[in-house]
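Reader: Could you walk me through this model, starting with the overall build and then the charged side chains?

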Amino acid sequence: MHDLIEEIQEENRWRDGELAIFKLNPQQVDIKLWNRMCVSMIYAHWEGYVVNSLKLLIDHLNGLDLLPNEVPTQLVVLGLDKSYNTLSGKQSFGQRIDFTNRFKELYKKVLKFKKEVDTKSNLNSKVLSELCTIFGFNFESFKDVTSDIDRVVTYRNRIAHGENSIVPISEGIEKYIISVTGATDILLKEINEYISNENYRLKIA
């Protein structure tokens, strides 16, 4: 097992304990209130796990001194990030020349990825798919859990917007915890394969 995987597991180990508590309701809080609170916390742990794990992955990639011509296009785009901002709006031909010259120079430099993971504060299946595309993960691996994740995101948003009629049942809470835990296990497996197989590098036939 790669050291990065052990680091991700250690950084997120405490989440398993909290998710286990959500199933028990040890203080016997009113069940309707407890379940509404649990939905929000389950989502927080889901987003927190993904963001934290990908930040650790990005930190690892930054330590490899990767050049743009060594990595897949999506990582080049991620690494060059705001360099593309000057393409917005209408540009003169001269401005396009300036951008191209700057871009050619950037292409010679080591990529440094910002340790930012944009979940749009709504880490549903669509956003997860985008993150999988960026890092070259297999989104299909998550197909058995995405419907529950989408439901958690929807419920969390509706509760946050003051819809008091949303009262998830206890069986649903347990199911969401199982699905989120399953999704985090899948993500860990995808990261492990990504690092072990060096999928962040271009494959030369």
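Author: What follows is a short talk through the fold, the surface and some salt bridges.

Author: This is a predicted model, in which local features need pLDDT of at least 70 and side-chain atom pairs count only at pLDDT 80 or more, while totals for chains, interfaces and linings use all residues. Residues are numbered from 1 along each chain as its sequence is written, and side-chain values use heavy atoms, with hydrogens and water left out.

Reader: OK, how many helices and strands are there in the chain?

Author: The chain has seven helices and zero strands, where helices (H or I, at least four residues) and strands (E, at least two) are DSSP runs numbered from the N terminus. Its C-alpha atoms fill a box of roughly 65 × 45 × 25 Å along the principal axes.

Reader: And what share of contacts joins residues at least 24 apart?

Author: Among contacts (heavy atoms within 4.5 Å) between residues at least 6 apart in sequence, 81% join residues at least 24 apart.

Reader: Switching to burial, how much of the chain is buried?

Author: Of the 205 residues in the chain, 39% are buried, a term that means under 20% relative accessible area, with exposed being over 50% and partly exposed in between (1.4 Å probe, protein chains only).

Reader: Now the charges, how many salt bridges does the structure hold?

Author: The structure holds 11 salt bridges, each being a side-chain nitrogen of Lys or Arg within 4 Å of a carboxyl oxygen of Asp or Glu. One of them joins the side chains of K115 and D59, at 3.9 Å from N to O.

Reader: Why does that pair tie together parts that are 56 residues apart in sequence?

Author: K115 lies in the loop between α4 (93–106) and α5 (125–135), whereas D59 belongs to helix α2 (residues 31–62), so the bridge ties together parts that are 56 residues apart in sequence. K115 is partly exposed at 42% relative accessibility, and D59 is partly exposed with a relative accessible area of 42%.

Reader: What does D81 form a salt bridge with?

Author: D81 pairs with K114, and their closest N and O atoms are 3.7 Å apart. This pair links distant parts of the chain, with D81 in the loop between α3 (73–80) and α4 and K114 in the loop between α4 and α5, 33 residues apart. D81 is partly exposed at 32%, and K114 is partly exposed at 40% relative accessibility.

Reader: Which residues are linked in a network of salt bridges?

Author: D118, K120 and E130 are linked in such a network, and within it the closest N and O atoms of D118 and K120 are 3.9 Å apart.
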